[in-house]
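Please keep the structure in view while reading.

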Amino acid sequence: MLLAAALFLTAFANQAFFRNLTTAFADTPWGLLHVFSLAVVLLCATVLLLAMLAYRPLLKPMLVILFMVAAVSAYFMDTFNVIIDHDMLANVMATDSAETGDLLTPKLFWYLGLLGLLPSLLLWRIRIRPASPAKALGSRLLLAGGALLIMLALVLISSAFYAAFVREHKELRYYANPATPMYAGYKYIKSRIKTGPVHLAAIGEDARIPEQDIDRELVIMVVGETARADRFSLNGYERETNPELARHDVISFTDVSSCGTSTAISVPCMFDIYDKDEFSTSKTQATENSLDVLRHAGVTVLWRDNNSNSKGVADRTPIEDFRSPENNPVCDTECRDVGMLSGLREYIDQQESGDILIVLHQMGSHGPAYFKRYPSEFHVFVPTCDTNQLENCSASEIGNAYDNSILYTDHFLSQVIGLLRSYDDQFETAMLYASDHGESLGESGVYLHGLPYWLAPDAQTQVPVIMWFGRNYHDVDVSAMQQLREEPLSHDNLFHTLLGLFEINSGVYDGSKDLLQKSRDLAGTPSLYD
Ligand SMILES: [Zn+2]
């Protein structure tokens with residue numbers, strides 16, 4: 001019965017899903033075969049959903065609910081091409097009766113009748129022979145296990161296609177009916193149950209800059225995007241991808257693991273006090289981060305973003321958006337990271353006293369359209385993959401486009417250093433660069449990033465981290481720091497290193513994780529904090 005119900009729903013309640021799918025993939029090689037493969041995956045997913053929700057005493061009522069939800073959702077998706085997600089449900093709940101009246105059309109009743117009532121009536125007439133609990137459980141596990149295995153097999157067989165499906169056509173899976181409306185309903189109810197605003201826990205309110213530190217610090221932290229450590233020639237990559245940084249006296253740490261494999265996990269984790277093992281999005285959102293601690297100590301903080309957003313990190317920090325020509329003067333096909341340096345000199349000059357931290361959040365090497373991530377003068381490694389349909393390119397074309405984007409990041413970081421260098425007489429200057437996560441470039445058929453950490457290859461989790469210090473930056477022994485280059489480090493070091501860069505005294509500071517303090521320990525120079 002579950003299988004029959006799933007077949008019915010897949011075949012008749014997913015017109016919008018298949019229409020959008022065919023539009024997106026019909027012209028690609030093997031397009032129709034991929035559409036068929038996705039149809040089977042959708043069927044298996046629906047079987048899994050039914051097997052999870054419809055248990056024996058609730059079997060019939062639950063299936064009736066699913067048919068009705070699917071019928072109404074199918075009507076709206078087919079007719080208006082909308083997606084039934086959490087926000088849409090919230091909109092529906094806020095709809096008044098006059099607006100609802102406008103939505104009640106004869107077509108809706110046809111949908112309800114044919115896709116909801118008809119299968120429900122048929123279902124109600126079927127008599128189910130009771131089986132022993134053990135047998136019932138066994139056959140259900142067999143059904144769910146079978147569905148899961150078929151799904152996994154299909155996804156593995158054409159992983160490049162599924163990577164494209166998930167990444168570039170994110171919207172398509174929201175048309176999966178009734179899985180998406182059911183999930184949206186669950187999320188909506190959950191969000192209604194959760195009461196009250198998130199209470200933000202303050203940390204590091206005791207943070208102070210020691211009185212003997214009279215020099216002003218100017219630090220630029222660059223949050224990289226999708227850069228992998230092994231594609232930096234500073235870390236031993238045979239291609240010259242760091243020609244500009246190689247001319248500066250930088251320290252490039254070669255063995256740094258990221259906190260997550262996606263921007264949404266890694267970026268908050270790079271600034272929060274929690275270690276990777278303790279990280280959770282809700283905990284991080286409810287706790288102040290390193291930027292807050294620096295502000296408690298009187299540091300002026302600015303966040304400039306050429307990526308999506310700060311993922312909540314800069315919620316209490318001034319943010320400037322550089323993704324449009326309004327703020328960013330360096331835009332061709334898209335706004336460039338280098339544009340984030342524009343007007344920075346005026347900003348720095350305006351700050352009459354105290355220390356300054358500027359965070360620059362890069363667009364970096366964001367995929368899959370690597371070829372869009374650099375201006376034409378960085379079109380050095382050729383031929384490149386000039387489409388976001390990675391499955392249509394060779395490994396070397398993808399690698400060339402990606403390496404060009406690293407070359408551009410090399411140029412950008414070098415420009416950052418150039419700006420800082422011009423302030424050497426007024427400030428103790430330093431740059432800290434760290435990428436959020438790496439990227440799979442087709443190795444073993446894996447593309448992009450975001451795999452569960454335990455499953456993710458090093459390509460996704462080993463990130464470049466680079467530091468540079470200006471001529472007048474005291475209390476750092478660059479040659480001692482170079483000895484730390486190959487030590488295993490992680491994003492967990494960033495919170496304390498950021499505080500260490502400003503010589504912050506606070507209960508939340510842990511010198512054993514601060515790269516500056518670690519290098520002082522190594523060189524045997526006395527701690528700043530004794
Ligand atoms: Zn990212």
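## A strand pair in the sheet

Alanine 434 has valine 465 of β9 as its bridge partner. Strands β6 (residues 428-435) and β9 (residues 462-469) pair in the antiparallel sense over five bridges. Pairing requires at least two bridges found by DSSP between two strands. Helices (H or I, at least four residues) and strands (E, at least two) are DSSP runs, numbered from the N terminus.

The model is predicted: local features need pLDDT of at least 70, side-chain atom pairs count only at pLDDT 80 or more, and totals for chains, interfaces and linings use all residues. Residues are numbered from 1 along each chain as its sequence is written, and side-chain values use heavy atoms, with hydrogens and water left out.

## The whole sheet

The open sheet has eight strands in the order β4-β3-β5-β1-β6-β9-β2-β10, with mixed pairing. β4 (319-321) and β10 (489-490) each have a single partner strand, so one side of each lacks a neighbour in the sheet.

## Helices on the sheet

Helix α11 (residues 263-271) packs on the sheet and touches β1 (217-224), β3 (300-305), β5 (356-361) and β6. Contact means heavy atoms within 4.5 Å. The direction of α11 makes about 160° with that of β1. Axes are lines fitted to C-alpha atoms, for helices over the stretch in contact, and angles run from 0 to 180 degrees between N-to-C directions.

Helix α18 (residues 492-501) also packs on the sheet. α18 touches β1, β5, β6, β9 and β10, and its direction makes about 170° with that of β6.
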